[in-house]
Amino acid sequence: MDPSQATHLTPLALVIVVLSALFTLGAPRRSAVLPLLAVACYLPLGQAVVFLGLHFWLIRLLLAVCIGRVILRREYRGFSWTALDRAFLLWVAATLVCGILNRPTRAYFINRLGYVYNALAAYFFVRIVVRDWGDVVHSARFLALLMLPLAALMVVEKQTGQNVFSVFGGVPELTIERDGRLRCQGAFQHPILAGTFGATNLPILMGLWSQGARFRRRAGVGVLSAVVMIVTSASSGPLLVTLAALLGLMLWKQRRRLRVVRWGIVLAIAALAAVMKAPVWYVTAHLSKITGGTGWYRAWLIDTTLKHMREWWLCGTAHTADWGVFPVSKAGAVVDPDHIDITNQFVLEAITGGLLKLGLFVLIIVLAFRGIGRQMRPESASSIAHLRMLWSLGVALAAHCMAFLSVTYFDQVIVFWYWLLAVIASLTLCCRSTDTATESMLGRCSPK
């Protein structure tokens with residue numbers, strides 16, 4: 001029997017998921033999302049129940065419980081659609097349809113169904129149960145608490161060279177080493193993803209710090225934990241994401257001059273393109289000489305993807321192995337005999353769905369930024385603390401975009417990407433409701 005088709009379930013993992021499911025069903029709406037975040041933090045994708053050849057990872061089983069809760073409690077009532085919701089739904093549809101056209105096989109169809117299920121369940125569950133500012137802050141406080149044990153266990157991994165999460169399967173027992181440095185990964189499938197998890201959540205934790213004195217102790221613990229995860233991952237990608245996040249946070253005082261900042265970035269890119277002999281994305285190759293890593297490969301990947309556009313523009317391509325001769329282990333992504341090492345989320349969107357899926361993915365990001373930008377008007381938030389949290393969410397969104405240039409989200413870290421998008425959509429709707437209520441009140445008070 002093929003080991004990959006056998007159920008792998010440890011008693012500890014089963015207990016964790018059962019307790020998480022019970023908490024999800026019984027918790028108040030505001031806390032219902034917390035077990036999902038905890039399981040995404042601590043359970044690697046090595047625990048699964050296999051039934052009729054289908055893999056039900058434990059996080060998928062928990063997502064089924066999440067859907068059941070929403071249906072049983074009828075929490076879907078009053079749900080209002082946003083432009084971001086519709087774009088996300090179209091992107092999911094493109095993922096499935098283009099996947100079928102790209103690889104018309106039963107195995108890949110099942111793979112795409114699993115991907116679509118994860119995306120829809122995670123995103124819309126968060127959209128339904130996280131509705132306002134209090135819910136977002138509540139989730140951020142819990143996230144800060146979650147990261148402390150995870151960071152501590154990564155320190156243990158750094159000291160011993162052994163990953164304690166290997167008891168669950170899905171991650172190696174012995175820590176990866178490169179250039180004499182141990183690259184810790186915790187419960188994630190790769191050290192880059194572990195470091196990226198810390199780097200992309202760092203702005204959110206800084207936003208929590210700005211919510212007031214009673215949140216600062218928890219926020220400080222979270223920030224310290226995020227930094228530990230970034231350092232122990234020993235990866236250049238998360239380091240660059242962290243630098244980008246810190247730059248974004250420092251631009252807070254320039255928030256009223258974002259148009260100037262955006263045009264400044266465009267002009268800087270244009271200047272680099274004018275003086276560089278190679279395309280501008282080869283800047284990552286020069287940066288990797290300082291930070292280490294495989295920046296040249298990532299730049300080459302973008303370059304060669306554009307050169308082969310006619311192979312993938314319609315609905316993606318099922319074969320990129322002949323695009324280059326680089327070994328899969330060089331950048332450390334998932335082994336796929338049909339593809340070269342895809343270490344760029346935008347490239348992955350292109351080769352799995354063509355221009356349509358790539359365009360919808362970019363549209364999701366644009367709508368998310370636009371939603372935050374519209375809420376940054378002073379009259380759309382009740383306090384400066386809300387504005388700072390909004391800014392932090394926007395910086396976290398930018399940090400994810402930076403991370404997408406150096407890694408694909410091929411494990412449970414993608415849950416936190418869906419969480420962020422859903423939170424932004426919910427706050428956009430919350431802001432819209434507040435504006436409508438304000439206009440209605442002013443209308444009643446105005447003289448006739």
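This is a short tour of one predicted model, stop by stop.

**Before you start**

Local features are taken at pLDDT of at least 70 and side-chain atom pairs only at pLDDT 80 or more, while totals for chains, interfaces and linings use all residues. Numbering starts from 1 along each chain as its sequence is written, and side-chain values use heavy atoms, with hydrogens and water left out.

**The whole chain**

Show the protein chain as a cartoon: it has 16 helices and four strands. These are DSSP runs numbered from the N terminus (helices H or I, at least four residues; strands E, at least two). Of its 448 residues, 50% count as buried, where buried means under 20% relative accessible area, exposed over 50% and partly exposed in between (1.4 Å probe, protein chains only). Among the contacts (heavy atoms within 4.5 Å) with a separation of 6 or more, 73% are made by residues 24 or more positions apart.

**First stop: α1 and α3**

Select residues 11-26 for helix α1 and residues 58-72 for helix α3. Their axes lie 9 Å apart at an angle of about 15°; axes are lines fitted to C-alpha atoms, for helices over the stretch in contact, with angles from 0 to 180 degrees between N-to-C directions. The two helices are therefore roughly parallel to each other (angles under 35 degrees; over 145 is roughly antiparallel, 65 to 115 roughly perpendicular and the rest oblique). Their crossing is right-handed, meaning that the near helix is turned clockwise from the far one by less than a right angle.

Now show side chains. On α1, pick A13, V17, S20, A21, T24, L25 and G26; on α3, they meet L58, L62, V65, C66 and R69. This contact divides into eight nonpolar, three polar and one charged residue (Ala, Val, Leu, Ile, Met, Phe, Trp, Tyr, Cys and Pro are nonpolar, Asp, Glu, Lys and Arg charged, the others, Gly among them, polar).

**Second stop: aromatic pairs**

The structure holds 21 aromatic pairs: rings of Phe, Tyr and Trp (its six-membered ring) with centres within 6.5 Å, called stacked if the planes are under 30 degrees apart, edge-to-face over 60 and tilted for the rest. Select F79 and W81, whose ring centres are 5.4 Å apart with planes at 90°, so this pair is edge-to-face. F79 is partly exposed at 25% relative accessible area, and W81 is partly exposed at 38%.

Next, select W91 and F361, a tilted pair at 6.2 Å centre to centre and 40° between the planes. W91 sits in helix α4 (residues 83-102) and F361 in helix α14 (residues 345-375), so to speak distant parts of the chain, 270 residues apart. W91 is buried, at 3%, and F361 is buried, at 3%.
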